[in-house]
Amino acid sequence: MKLNNSKTEKRVRRHKRIRSQVTGTEARPRLSVFRSNKFIYAQIIDDAKGVTLAAANDMGVKETLTKTARAEMVGKLIADAAKKAKITTVSFDRGGFKYTGRIASLAEKARENGLQF
């Protein structure tokens, strides 16, 4: 049996490990983050009901910003959307991505704007 160790396959394995422990409930939904080469997406999900409670991404940004600045903007947007949905605490699901760069900046900005995790 050959093990494939591409960057994507390693991320998928990390994500499976994380998701075996991190779940979203009504009291504490899951903040899921996905990072592509161009964009970054964040969703607040109630896994018990299978419902997305809030979402934010940087696809509609017309300004020329760095990817890290765009991730910070998404962190602020998801925190604002959570406030509107009356959500204060979440469990953070980094989606198998390492907690550096854009993932970390999104999380820090979300914390600064009122989300607790």
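Colleague: Hi! Which residues have the most contacts inside the largest nonpolar core?

Modeller: Hello! In this predicted model, the largest nonpolar core has 21 residues, and those with the most contacts inside it are Leu 31, Ile 40, Ile 44, Ile 78, Leu 106 and Leu 115.

Colleague: Nice. Which elements each supply at least two residues of this core?

Modeller: Those are E1, E2, E3, H2 and helix H3, which covers residues 101-112.

Colleague: And which one gives the most?

Modeller: That is H2, which gives five residues to this core. As background, nonpolar side chains in soluble globular proteins tend to be buried together.

Colleague: Let me pick one residue, then. What does Ile 40 touch, leaving out residues up to four places away in sequence?

Modeller: Quite a list! Ile 40 touches, among them, Val 33, Phe 34, Ala 56, Ala 71, Val 74, Ile 103 and Leu 106. Arg 35, Asn 57, Asp 58 and Arg 102 are also included.

Colleague: Changing topic: how many salt bridges are there?

Modeller: The count comes to eight. One of them joins the side chains of Asp 93 and Arg 30, with N to O at 2.8 Å. That pair links distant parts of the chain, since Asp 93 is in strand E4 (residues 91-93) and Arg 30 is in strand E1 (residues 30-35), 63 residues apart.

Colleague: Is Asp 93 buried or exposed? And why?

Modeller: Asp 93 counts as buried because its relative accessibility is 0%.

Colleague: Where do Lys 76 and Asp 80 lie?

Modeller: Both are in helix H2, four residues apart, which is about one turn of the helix. Lys 76 forms a salt bridge with Asp 80, with the closest N and O atoms 3.2 Å apart. Lys 76 counts as partly exposed because its relative accessibility is 39%, and Asp 80 is partly exposed at 25%.

Colleague: Which residues do salt bridges with shared partners join into one network?

Modeller: Arg 19, Arg 30, Asp 47 and Asp 93.

Colleague: Now Asp 46. Where does that residue lie?

Modeller: Asp 46 lies in strand E2, residues 40-46. Asp 46 is buried yet has no salt bridge.

Colleague: Which backbone nitrogen lies 3.1 Å from a polar atom of the Asp 46 side chain?

Modeller: The one of Ala 48. Not counting residues up to four places away in sequence, Asp 46 also touches Gly 24, Thr 25, Glu 26, Pro 29, Val 51 and Leu 53.

Colleague: Last one: what is the phi of Lys 86 near?

Modeller: Phi is near 60° there, a positive value in a residue other than glycine. Most residues other than glycine have a negative phi. Lys 86 is in the loop between H2 and E4, and counts as exposed because its relative accessibility is 76%.

Notes. Residues are numbered from 1 along each chain as its sequence is written. This is a predicted model: local features need pLDDT of at least 70, side-chain atom pairs count only at pLDDT 80 or more; totals for chains, interfaces and linings use all residues. Side-chain values use heavy atoms; hydrogens and water are left out. Buried means under 20% relative accessible area, exposed over 50%, partly exposed in between (1.4 Å probe, protein chains only). Lys and Arg count as positive and Asp and Glu as negative; His and the chain ends are not counted. A salt bridge is a side-chain nitrogen of Lys or Arg within 4 Å of a carboxyl oxygen of Asp or Glu. A polar contact is a pair of N or O atoms within 3.5 Å; within protein, one must be able to donate a hydrogen and the other to accept it, and residues adjacent in sequence count only if both atoms are side-chain atoms. Contact means heavy atoms within 4.5 Å. A nonpolar core is a set of buried Ala, Val, Leu, Ile, Met, Phe, Trp, Tyr and Cys residues joined through side-chain atoms within 4.5 Å.
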